[in-house]
Amino acid sequence: MNSDTIEGKWKQIKGEAKVQWGKLTDDDLDVAAGHKDKLSGKIQERYGKSKEEADREVDAFYSKY
């Protein structure tokens with residue numbers, strides 16, 4: 001599924017993201033709104049991960065949808 005589709009279905013997928021990244025708040029996920037770069041940034045911020053590591057996690061998450 002491409003990024004545009006993820007953004008369109010974000011309200012449905014948001015719960016799965018919350019399960020995967022429990023430290024992200026609902027506000028974090030609302031700000032990300034399915035945008036890969038914003039979600040990656042929030043993961044970096046909350047988990048202290050590198051950009052590359054966060055990007056890999058987001059890519060793996062998106063590949064499921």
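Let us begin with Ser40, which is buried, at a relative accessible area of 2%; buried means under 20% relative accessible area, calculated with a 1.4 Å probe on protein chains only. This residue lies in helix H4, where a helix is a DSSP run of H or I with at least four residues, numbered from the N terminus. Leaving out residues up to four places away in sequence, Ser40 touches Lys51, Ala54, Asp55 and Val58; contact means heavy atoms within 4.5 Å.

Please note that this is a predicted model, in which local features need pLDDT of at least 70 and side-chain atom pairs count only at pLDDT 80 or more, while totals for chains, interfaces and linings use all residues. Residues are numbered from 1 along each chain as its sequence is written, and side-chain values use heavy atoms, without hydrogens and water.

I turn now to the helix pair. H4 (residues 36–47) packs against H5 (residues 51–63) at an angle of about 125°, and their axes are 9 Å apart. Axes are lines fitted to C-alpha atoms, for helices over the stretch in contact, and angles run from 0 to 180 degrees between N-to-C directions.
On the H4 side, the contact is made by Lys36, Leu39, Ser40, Ile43 and Gln44; on the H5 side, by Lys51, Ala54, Asp55, Glu57, Val58, Asp59 and Tyr62.

Finally, which residues does Trp21 contact, leaving aside neighbours within four places in sequence? They are Leu39, Ile43, Tyr47, Glu57, Val58 and Phe61. Trp21 is also among the residues that touch the most other members of the largest nonpolar core, which has 14 residues. Such a core is a set of buried Ala, Val, Leu, Ile, Met, Phe, Trp, Tyr and Cys residues joined through side-chain atoms within 4.5 Å. H5 gives the most to this core, with four residues.

Technical notes: Helix = DSSP H or I, 4+ residues; strand = E, 2+ residues; numbered from the N terminus. Buried < 20%, exposed > 50% of the residue type's maximum accessible area, 1.4 Å probe, protein only.
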